[in-house]
Amino acid sequence: MRQIDPDVVAAYPITPQTEIVEKFAEYVAEGLVNTEFICVESEHSAISACCGSSAAGARTMTATSSQGLALMHEMLYITAANRLPIVMINVNRALSAPLNIHNDQSDTFGSRDAGWIQLYCESVQEVYDTTIQGIRIAEHPEVQLPVMVCLDGFILSHSMERLELLSDTEVKDFIGEFRPRTNLLDLTKPITLGAAAMPEYYFEHRYAQSYALDRALEKVAAVDQEFGTKFGRGYGIVEAYRIDDAEVAVITLGSLAGTTRFVVDRLREEGIRAGSLKIKLFRPFPVEAVAAALKNVKAAAVLEKAISPGAPGPALFSDVLGALYHQGVKASLISYVAGLGGRDVPPKSITRIYNHLQQIAETGRIDRILNYLDLRGWQ
Amino acid sequence: MATLKELSTREAKITGGTRTCAGCAAPIIVRQVLLAAPHCPVIVNATGCLYITTAIIPYSSWRIPYYHSAFENAAAVASGVEGAIRALKRKGRLADQEISLIAVGGDGGTYDIGLQAISGMLERGHRCLYICYDNGAYMNTGIQRSGSTPFGAWTTTSHVGEAQKGKQQHQKDMIRIAAAHGAYAANASPHRWRDLMRKVEKALNHQGPSFINIQSPCPRGWRYPASETIEIARLATEACVFPLYEVEEQGEKWTVNYIPKNKLPVTEYLKPQGRFEHFFRPGNEHLIEELQAETDRRWNRLLKLAGKS
């Protein structure tokens, strides 16, 4: 954020996002950024102020987590519908109750229909790179949508990891100048923004927004590709690992992707044809890329740190299932809920998922669709 | 301040043909506010009657920049707009000209759901004028009580029946709340348009946050004929139910802008309004007594604060 030097940042503290805002406040105090930093009185006001500044033609950023994101919920829809290219970093954390400050992804999954682009990061390096990419994606003339950069609380937000920084000039050149399409402060061309729509117009407005989000998929990929060409680090919208000849695969996102890859390597040493698929872009959902990656797999599990009470499975599971069905891929798919509220998801637990998948691949029979990893008392 | 003749030549920045009810005070107030704005006005509007009657796709009544986002956050959105103005001027991407940034909300969006955001805006010292057009209830959703509904008034969520006679509580004192933040704060009325416009001009030239609460009589919700709006507003100031005053110098300087020669009893203000009809039924005399007592208490306190008693 220091290198991006946004025009306006409005934020409210919440664990484990606080480090971001505190560090940024230091940069403000030291004069290392030329940002108008608004310390608002709630997350609802944080995103509201961001909407005001973005509508006024200022490059705008914020950061939040969990309850804070939930408090923003109403405004998330308005941000996207008003086509305001705000970049928000969300440090994934469990939702109350019981109160828990540790990591899971139920918070941002709950915002999946708000119309934001959602990108999930695996490492600190990826968070850094994705945040810079996020500016380009959000402000792309054909996108003009808010972007949420998601990272696992504490696991990534409070970890010590090697990070390769770009130079300030490289970042500045890559993101370029902000050319706002909506400008409330253009006094010569006054606009009315956020008007009401009756039934004869509302539907078309919402469709136009949805259409733009769908079209954003290729722009996300293109920005990542350009970033990769320039700086040698690209991530794709999905990242398949040893999946071409895999019989069993685990699909996941965020920091779990790295652990899963580690497990895949160990299983491969044992001669097990294991693979994995990391989903980086969750909204818009990359239906074709996901189905293509899994087309030869016999059994797969979606491993996610989220819970959707009453649903057939959490959000990612439902989306992957839909993608496979849509594209005619016949892999047997099960769901694994894991790591809620910061519970550790060690390699040995992920190994058990692969064992389960091997059984399914051998018998061709799914014994249980919705599964809970390392849950005490679960039968 | 401009003369009436000069004002008559200024362009109206909100057009006619809004979808407000006949006799609604809100567009009158907005017209007065915008005529008084010393610089280019930019409006941030909370959800409410004013928004829903002036900005419906594919029409807009606004000839100036206008942004609506939600019900409770006009002050927060305006804080962001002000932040953008500062940042963009500093970076040379916005011409160095004065902008009259005005946030507008009804009493629901101000006294109740929007209070937190207003407190934040005032505390942080954004250069923005927050205007409440105060019609004393949630008129847009069908006359439900708000923190600004007067004691005893009928609304669709404070009915008059055997067990309850209208609203049970007195109004929240928004001016004192705003003044406690150190902001310029004032009460104004569309019937005293010159006083209103002077306050708006003063607030918008003030190098900090400001808050003006403007009484906005509502023929639908208050149950009086549409032609009586300005007369009702006049009676409110004559009965000191809605006194005109301002608070400056970090809440230290209180000025009463209008002291009626013959202060009317509250009944003169209540009588023409259907929402107070039950005040005049036998057995309900205590309602009049209590409202009169509270009105007098607040008026006398105001005179004391202003050094007039």
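So, start with T192 of chain A: T192(A) stands opposite Y66(B), which sits in β2(B). Keep in mind that we're looking at a predicted model here. That pair belongs to a bit of strand pairing across the two chains. β7(A) and β2(B), residues 66-68 of chain B, run parallel to each other, and two bridges link them.

Okay, let's step back to the whole contact. How many residues does each chain put in? Chain A brings 44 residues, and chain B brings 42 residues. Put together, the two chains bury about 3300 Å² between them, and 61% of that is on carbon and sulfur atoms.

Now for the polar side of things. We get 19 residue pairs in polar contact between chain A and chain B, counting pairs with both residues at pLDDT 80 or more. And which parts of chain A are doing the touching? The elements giving two or more residues to that side are β2 (36-39), α2 (43-55), α3 (66-81), β7 (192-193) and α7 (199-231) of chain A. The top contributor is α2(A), with eight residues. If you sort chain A's side by class, you find 25 nonpolar, 13 polar and six charged residues.

Last up, salt bridges. How many turn up across the interface of chain A and chain B? The rule finds five. Here's one you can look for on the screen: R86(B) with E36(A), where the closest N and O atoms are 3.9 Å apart. That distance just makes it in, because the cut-off is within 4 Å.

Definitions and conventions:
Residues are numbered from 1 along each chain as its sequence is written. Chains are lettered from A and ligands numbered from 1 in the order in which they are written. This is a predicted model: local features need pLDDT of at least 70, side-chain atom pairs count only at pLDDT 80 or more; totals for chains, interfaces and linings use all residues. Side-chain values use heavy atoms; hydrogens and water are left out. Contact means heavy atoms within 4.5 Å. Buried area is the accessible area (1.4 Å probe) that two parts lose on being put together, summed over both. A salt bridge is a side-chain nitrogen of Lys or Arg within 4 Å of a carboxyl oxygen of Asp or Glu. A polar contact is a pair of N or O atoms within 3.5 Å; within protein, one must be able to donate a hydrogen and the other to accept it, and residues adjacent in sequence count only if both atoms are side-chain atoms. Helices (H or I, at least four residues) and strands (E, at least two) are DSSP runs, numbered from the N terminus. Ala, Val, Leu, Ile, Met, Phe, Trp, Tyr, Cys and Pro count as nonpolar, Asp, Glu, Lys and Arg as charged, and the others, Gly among them, as polar. Two strands pair if DSSP finds at least two bridges between them.
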